[in-house]
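Reader: I am new to this structure. Please walk me through how to read it.

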Amino acid sequence: MEKVYILAIESSCDDTSASVLCNDKVLSNEVANQAVHQQYGGVVPELASRAHLQNIVPVVATALQKAGINKSELSAVAFTRGPGLLGSLLVGTSFAKAMAMGLGIPLIEVNHMQAHILAHFIDEGQPKPSFPFLAMTISGGHTQIVQVNSFFDFRVLGETLDDAVGEAFDKTAKILGLPYPGGPLIDKYAQEGNPTAYSFGKPNIPALNFSFSGLKTSILYFIQKQTEQNPNFIAENLADICASVQHTIIEILMKKLKRAAKETGIKHIAIGGGVSANTGIRNALQALGAQYGWHTYIPKFQYCTDNAAMIGIVGYYKYLQEQFVGQEVTAQARLSLGR
Ligand code: KG4
Ligand code: ZN
């Protein structure tokens, strides 16, 4: 079979990433994180664009070098067109367009959410989901349940009406005085805490949609009230608070996932996005899988968080179908999944 070499570029949020794939295998996957946002407790869009500008050339050069590929051997350039922060997307989009034009090779636009889902097809010898499957994408920017009928046929069954689940983790962490991004820290402290120590109201959202802004507010009021009575409340109960918050979030997610599985009759269930690194969520998914006879799929951590390899795998499947775009293509902050 012909070897297809895709250079993929991802710059939708605060990670600048470049990857080289040979067919469905990853040769390199470079990610430059942006520490600049830590002190602000969240991503500052203007600072993100500037950091992408600084990072993109070295990140692409390193990805090519680690892959052992000369740019003249590339078959196509794939890039994230959206959704994401417009200024950030513009950097990757412009770079990809210039590179494809300079090399005289096809250009492939990729939807970031499709990439989170198809990351499961990056070949590392693992079992791949079979169609149709359900994909729950959970990250700092997204919370969706999608029915995946084929590589190119998606139906969004439900999504968040306000905050993404990662924001619920990060904003809780901020309330607790933990640095950004707080999700991994909440996960860590939760492992030593009691998940039923405190209870927080769960939102009653219709169908398969989610809402997390109310949870954040109830956590804020709870913490304010407790620290009025005991200024050391957070320090003394950090593990229990984290475990209880995480437990609430897991219950919200798993309830909808169970409902989606029941309504569609689909038993192949995949999760992706940065929040799927969460230990509690992984355990809960596996437990439900055992209980309901689901086949569950969780990508490797480096393919869960934002990365260019997932853009590359979509690029590869689009390349096979000659789904190319011209130089007139523009970045799109809002881009829906599916057609
Ligand atoms: O996919 P990602 O890298 O970027 C976005 O597209 O947002 O996801 C980042 C999000 C952050 O909100 C971070 O706090 C969360 O994923 N996260 C976690 C864990 N690891 C990363 N949340 C909970 N538990 C974790 N172990
Ligand atoms: Zn993402």
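Reader: In which loop is S11 found?

Author: S11 is found in the loop between β1 and β2. Helices here are DSSP runs of H or I with at least four residues, strands are runs of E with at least two, and both are numbered from the N terminus. A word on the source: this is a predicted model, where local features need pLDDT of at least 70, side-chain atom pairs count only at pLDDT 80 or more, and totals for chains, interfaces and linings use all residues. Residues are numbered from 1 along each chain as its sequence is written, chains are lettered from A and ligands numbered from 1 in the order in which they are written, and side-chain values use heavy atoms, with hydrogens and water left out.

Reader: Is S11 buried or exposed?

Author: Buried means under 20% relative accessible area, exposed means over 50%, and partly exposed lies in between (1.4 Å probe, protein chains only). S11 has a relative accessible area of 1%, so S11 is buried. Its side chain reaches the backbone oxygen of S88 at 2.8 Å. That is a polar contact: a pair of N or O atoms within 3.5 Å; within protein, one must be able to donate a hydrogen and the other to accept it, and residues adjacent in sequence count only if both atoms are side-chain atoms.

Reader: How does β1 pair with β2?

Author: Two strands pair if DSSP finds at least two bridges between them. β1 (residues 5–10) and β2 pair in the antiparallel sense, over six bridges. I9 has A18 of β2 as its bridge partner. A hairpin of four residues joins the two strands, β1 and β2.

Reader: How does β2 pair with β3?

Author: These strands are antiparallel too, with eight bridges between β2 and β3 (residues 25–33). L21 stands opposite V26 in β3. The β2–β3 hairpin has two residues between its strands, and N23 in the turn has a positive phi of about 50°.

Reader: Which way do the side chains of β2 point?

Author: In a regular strand the side chains alternate between the two faces of the sheet. From β2, D15, S17, S19 and L21 point one way, while T16, A18, V20 and C22 point the other way. Eight of the eight residues of β2 (residues 15–22) are buried, so the strand is largely enclosed by the rest of the structure.

Reader: Which residues are closest to ligand 1?

Author: A residue is near a molecule if one of its heavy atoms lies within 4 Å of it. Ligand 1 is surrounded by 20 residues, and the closest are G140, D170, D187, G274 and N278. A backbone N or O atom of G140 lies 2.8 Å from an oxygen atom of the ligand. D187 places a polar side-chain atom 2.8 Å from a nitrogen atom of ligand 1. The protein covers 91% of the 550 Å² of accessible area that ligand 1 has on its own (Shrake-Rupley method, 1.4 Å probe). Helices α4 (165–175) and α5 (183–190) are the elements that give two or more residues to the shell.
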